[in-house]
Amino acid sequence: MVKKRCEWVTDEQVYIDYHDQEWGKPTHDDQMLFEMLSLEGAQAGLSWVTILKRRDNYRKAFDNFDPVKVGEYDEQKVAELLQDEGIIRNKLKVNSVVTNARAFLKVQEEFGSFDDYIWQFVGGKPILNDWGAHAEVPASTKESEQMSKDLKKRGFKFVGPTICYAFMQATGMVNDHTKECFLYHGK
């Protein structure tokens, strides 16, 4: 029997693996949360599969998304990253990862962990949605708008409401597997 997946999943293995093993599963590891926030920002204006195919390159380029190391990057390191053909070489996006690493560390210091901070926007537990079709899934919600506003206030970049909602989906803060998907929470 063929597994029925969310409509956005193509037949590309990288998409299937991401959907089946990661998307919508609650993530509480700070370094993984930083990685996903960084990748979602890199994805702005592009397809998610474009970023997924470069994910290993991003991990290598950005020291496995260690926020302490990334926060120490200087202009020379950014210049090197802008020559790296394995990532999206957009100066604003690359700089945002460094800026966000520094803001991320301040959040960790204030809240004890980024996890404690970020999950407050959903009351500490995943929002389980009941979408019948992918077309029903919103691009943003009041929670992602609140998250975006607060992240921007704290100095984060590339964290608009749509990026924040994609981040929330990716890290399982919301479960948007549609009803026909074998990973729908009600099955």
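Biologist: Where does Met-173 lie?
Modeller: Met-173 is in the loop between α10 (161-170) and β2; helices (H or I, at least four residues) and strands (E, at least two) are DSSP runs, numbered from the N terminus. This is a predicted model, where local features need pLDDT of at least 70, side-chain atom pairs count only at pLDDT 80 or more, and totals for chains, interfaces and linings use all residues. Residues are numbered from 1 along each chain as its sequence is written, and side-chain values use heavy atoms, with hydrogens and water left out.

Biologist: Thanks! Is Met-173 buried or exposed?
Modeller: Met-173 is buried, at a relative accessible area of 0%. Buried means under 20%, exposed over 50%, and partly exposed in between (1.4 Å probe, protein chains only).

Biologist: And what does Met-173 touch?
Modeller: Not counting residues up to four places away in sequence, its contacts include Ile-118, Trp-119, Met-147 and Phe-167. Contact means heavy atoms within 4.5 Å.

Biologist: Which side chains make a polar contact with the side chain of Asp-176?
Modeller: Trp-131 does at 2.7 Å, and Gln-169 at 2.8 Å. A polar contact is a pair of N or O atoms within 3.5 Å; within protein, one must be able to donate a hydrogen and the other to accept it, and residues adjacent in sequence count only if both atoms are side-chain atoms.

Biologist: New topic: how many aromatic pairs are in the whole structure?
Modeller: The search finds 14. Rings of Phe, Tyr and Trp (its six-membered ring) pair if their centres lie within 6.5 Å; planes under 30 degrees apart are stacked, over 60 edge-to-face, and the rest tilted.

Biologist: Why is the pair of Phe-104 and Phe-114 called stacked?
Modeller: Their planes are at 25°, so the pair counts as stacked, with the centres 4.3 Å apart. Both residues are buried.

Biologist: What about Phe-111 and Tyr-117?
Modeller: Those two form a tilted pair, 5.0 Å centre to centre with 55° between the planes. Phe-111 is partly exposed at 26%, whereas Tyr-117 is buried at 0%.
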